[in-house]
Amino acid sequence: MTSNESPVAPETARLPGPPPSPMNWDAVGGLVMRPWYDRLAVKLVPHWYFPLSRAWAAALESGTDEAAFAAALGLEAFPGGFCGWRIRRALARTEELKRVHAGADAHWRDVFFAAEAPPAAVLVAAERARRKAAHNLMAARRYFLCLRKRVHKLQWALPHPEEMPAPEALQGDGGTCIKLDGVPQVERSHWVPGPFGRQCWIRFPAPSLPGDTAWAQVFEPEDVENPPTLISLHGICVESEHWSEAMDSIDIVPTLALKGIRVIRPEGPWHGRRRRPGTFGGEPAMAHGPLGFLQLFAAWGAEVPVYVDWARQQNGGQGGGPVALGGVSLGALTSQLAAVAAKDWPAELRPDALILVACSESLHDVAFQGSLAAAIGLPARLQAKGWSVADIDRYLPLMEPRGAPAMAPEKIVMALGEADDLTPFAGGLALARRWGVPPENLFLRHQGHFTVAFDLGRRPQPLDRLREILGAA
């Protein structure tokens, strides 16, 4: 029985930890966490996960309406034969899982944001029920296997270059597309005992996405007064707290919390609770091409100073523990851009340190030479929509970290995979050299895009270096 299938026990007064991951054992991790794994992942993600997610997202909106489901996927008609029988069952099952998840999530919100703090056992039971329901709903993608080769990987909505706003209209702080847009009031849930300390959730109106709510999960170590903080931004399509606890075994949260660091794990725009109807997590950023990434960087970057401010308030204001910003893949691309924009922010809203895993200074290389971009057909679709290299180049200064960061070079840690062809390694190394990252803060590994991140639990030297910089207890 897996952790997400375990019965929810109200008498349990602490959330369970993730199951031990064999990837953290040298005998296994040393064999698996190599470039061959990345080559496999770059094939599985676009050719399996994306089309199944596309069908899943359509099912969530259409319910059991077969015609609406077929139309949402661009199919001429609802499938016939055995596949049609399977999809009818899939639609009914997904609708039931959606109903169960909605109920568990509504109860979770009532309990965690109640006026009075419920007993710990009640909070634990509500979170375990929510996560189990979320996992089961996310896993419903598997019901649509017979459609994998029949549907598009993404619901493409690329704008024509002439439909784009002028670059000048999108320019924000530090020459980037990110602009400080106020610091809204943050609402915190009740704390619940967790495997690495205590956990809570925070939420606030998203500054750059009207009508949207920004969410983050907070992990705070036990017996550490005023701990330093890391704001950890995730990669594209990563929705950790909507899968089982097993996802946490490849996350950096356990390692850092056990090292005395508070971790704020935000939910990025269009992911998780912020998923747009009819799409899967992260899809709009890719499907809208340059405009999608401009909007995501601008929105998520504007939320960074809110998290920095909240972390400092927990530490008694500016005199509390330091605050670091960082991320993996998309989270790293957002963090490096926010680090440049932060030079124009008040000192108390600037992060003190930065950690980047699998990053690149060249968004041009990511879009036109990156393996994932090629696998989803982005370069060809941009060309078919009328985009030229010159059109792309007009917007690159808004998305690339061309200026200097707000923190000193010795406060920056980078971990790069020499075989990374998704955010190509050369772009990450060029950024490290241009920013003057010292050798002791630069970790180069013979790994690819996924493995350099997944292997941090087994080989945590970059995280240890961040801990030294932050002075964690």
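Reader: How far apart do the centres of the positive and negative side chains of the chain lie?

Author: This is a predicted model in which local features need pLDDT of at least 70 and side-chain atom pairs count only at pLDDT 80 or more, while totals for chains, interfaces and linings use all residues. Residues are numbered from 1 along each chain as its sequence is written, and side-chain values use heavy atoms, with hydrogens and water left out. Lys and Arg count as positive and Asp and Glu as negative, without His and the chain ends, and each charge is placed at NZ of Lys, CZ of Arg, CG of Asp or CD of Glu. On that basis the chain has 48 positive and 50 negative side chains, and the centres of the two sets are separated by 5 Å.

Reader: How many salt bridges does the structure hold?

Author: Side chains of opposite charge can pair when their charged atoms come close. A salt bridge is counted here when a side-chain nitrogen of Lys or Arg lies within 4 Å of a carboxyl oxygen of Asp or Glu. Under that criterion, the number of salt bridges in the structure is 23.

Reader: Arg458 forms a salt bridge with Asp26; how many residues apart in sequence are the parts that the pair ties together?

Author: The closest N and O atoms of Arg458 and Asp26 are 2.9 Å apart. Arg458 counts as buried at 19% relative accessibility, whereas Asp26 is exposed at 57%, where buried means under 20% relative accessible area, exposed over 50% and partly exposed in between, with a 1.4 Å probe and protein chains only. Helices (H or I, at least four residues) and strands (E, at least two) are DSSP runs numbered from the N terminus. Because Arg458 lies in the loop between helix 16 (451-454) and helix 17 (461-470) and Asp26 lies in helix 1 (residues 26-32), the pair ties together parts whose separation in sequence is 432 residues.

Reader: Which residues are linked with Glu241 and Arg130 in a network of salt bridges?

Author: Glu241 and Arg130 form a salt bridge whose closest N and O atoms are 3.3 Å apart, and this pair links the loop between strand 5 (229-233) and helix 7 (253-258), where Glu241 lies, with helix 5 (residues 120-138), which holds Arg130, 111 residues apart. Both partners are buried, Glu241 with a relative accessible area of 6% and Arg130 with 1%. The network of salt bridges that holds Glu241 and Arg130 also includes Glu127, Glu267 and Arg273.

Reader: In the salt bridge between Asp455 and Arg459, what is the relative accessible area of Arg459?

Author: The side chains of Asp455 and Arg459 meet at 3.9 Å, N to O. Asp455 counts as buried at 0% relative accessibility, while Arg459 is partly exposed, its relative accessible area being 29%.

Reader: What radius of gyration does the chain have?

Author: The radius is taken over C-alpha atoms, and the globule rule is 2.2 Å times the number of residues to the power 0.38. For 473 residues, a compact globule would have a radius near 23 Å, and the chain agrees with this at 22 Å.

Reader: Which residues is Met164 in contact with, leaving aside its neighbours within four places in sequence?

Author: Met164 sits in the loop between helix 5 and helix 6 (167-170) and is buried, with a relative accessible area of 9%. With contact defined as heavy atoms within 4.5 Å, and those sequence neighbours left aside, the partners of Met164 are Pro159, Leu291, Leu294, Trp387 and Tyr395.
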